[in-house]
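Student: I have a structure to look through. Could you take me through some of its charged side chains?

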Amino acid sequence: MLVREFVNDQWMPSCRGLRECTLIGYRSALDRHILPEFGDVELDEVSAERIELWMAGMPSEGAARKAWAVFRSILRKAMRWGLLERDPTIQVRPLKRTDYQPEVLDAGQIRQLLQGFYGHPLEAWLICSATLGLRTEEALGLEWGDINLTTGHVHIRRGLQWVAGHELTVEPKTELSRRTVVLPRFAVMRLRQIKGKGRLIGDLNPNQVDRRYRAWCRQHSLPCVPRRNLRHSWATTALAAGVDVAVVSRALGHSSIETTARYYLRPDLDVLKEAQKQWANTIMSK
C-alpha cells in the first residue's frame with residue numbers, strides 16, 4: 001500500500017476525534033513535507049536512510065521536528081495495524097530540540113503592564129492572563145460567569161481558538177486543564193469595579209485581541225511579550241517568589257510536575273545568589 005493511500009484512507013479518518021487545530025497542523029505537515037516526498041512510496045519501502053536525508057533537507061529545524069513526529073505516528077500506526085513489519089523511524093535519530101527560553105516579564109514589568117491597561121476594554125482579560133497562568137486559549141474563552149468575585153475562584157471550562165479564519169470553542173486541553181484557579185486579592189477588587197457580562201474580551205475575536213494588546217503596549221511604551229508568554233511570566237515569577245513547584249504545576253494545569261520544572265523552573269541570578277547564601281549559612285553554622 002502506498003503511503004498516500006494509507007494516510008488518506010485510514011490514518012486521517014482515525015484522527016477525527018482530535019482538535020481541529022491539531023488536524024490542520026497534521027494536514028499542513030502532510031501536504032508540505034510528507035506526501036511530496038513519500039506519498040507515492042510503498043509503506044514497506046520507506047527506509048531510515050531516506051528519512052534522514054529528507055529531514056536534512058527541511059527548511060528549518062522546527063518544520064523537520066513537526067514533520068518527523070507526524071510521519072512517525074503514521075508509520076507506527078501502520079505497524080500496529082499489521083500493514084508494516086517494522087518501524088524505520090526507530091533507526092533514525094530525531095533532531096534535538098533546542099533549549100527554548102521564552103521572553104518573560106519580571107514582577108516589576110507585570111505590575112507596569114497591569115497599570116498601563118487600567119480602564120482599557122481588555123483590562124479584565126489582561127488581569128486574568130497575567131495573574132492566573134492561563135493558556136492563551138483559556139484566557140480568551142473566559143466569561144464573567146466563570147469568575148466568583150466573592151471567593152476569587154475562576155473556573156476554567158473552555159478555550160477559544162482562531163482556526164482557519166474562524167472562532168472555535170474547544171474543551172480544556174486535558175482533564176487537569178479543567179480546573180479552578182484563584183485570583184490574587186488586588187485582582188478581585190479591580191474586577192469587581194469593572195464587572196461586565198459575557199466574554200471578558202467582548203465581541204472581539206482572538207486576532208483582534210492580539211492586535212489591540214500589542215498596539216496599546218506600543219503606544220504607551222509598556223513592556224510587552226507575546227500573549228502566550230504571559231503564562232510563562234506568571235509561572236517564572238511565582239517560582240522565583242518561592243511558590244512550590246507542585247502548586248505552580250497545578251495552577252498551570254500540567255499533567256506532571258516534570259513539565260513545569262523543565263519549562264519554567266529557571267531561577268535568575270539573584271535567586272541563585274540567595275540560595276547559595278542560605279546554603280553557606282547552613283554549612284558555616286555547623
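Tutor: Let us begin with Arg 190, which counts as buried because its relative accessibility is 14%; buried means under 20% relative accessible area, exposed over 50%, and partly exposed in between, with a 1.4 Å probe and protein chains only. This is a predicted model, in which local features need pLDDT of at least 70, side-chain atom pairs count only at pLDDT 80 or more, and totals for chains, interfaces and linings use all residues. Residues are numbered from 1 along each chain as its sequence is written, and side-chain values use heavy atoms, leaving out hydrogens and water.

Student: Where is Arg 190 placed?

Tutor: Arg 190 belongs to helix 8 (residues 185–193); helices are DSSP runs of H or I with at least four residues, numbered from the N terminus.

Student: And what is Arg 190 in contact with, leaving aside neighbours within four places in sequence?

Tutor: Those residues are Tyr 118, Gly 119, Glu 123 and Ile 127, where contact means heavy atoms within 4.5 Å.

Student: New topic: how many salt bridges are there?

Tutor: The count is 15, a salt bridge being a side-chain nitrogen of Lys or Arg within 4 Å of a carboxyl oxygen of Asp or Glu. One of them joins Arg 227 and Asp 210, at 3.0 Å from N to O.

Student: Which parts does that pair tie together?

Tutor: Arg 227 is in the loop between helix 9 (206–219) and helix 10 (228–240), and Asp 210 is in helix 9, so the linked parts are 17 residues apart in sequence.

Student: Is Asp 210 buried or exposed?

Tutor: Asp 210 is buried, at 19% relative accessibility.

How values were computed. Helix = DSSP H or I, 4+ residues; strand = E, 2+ residues; numbered from the N terminus.
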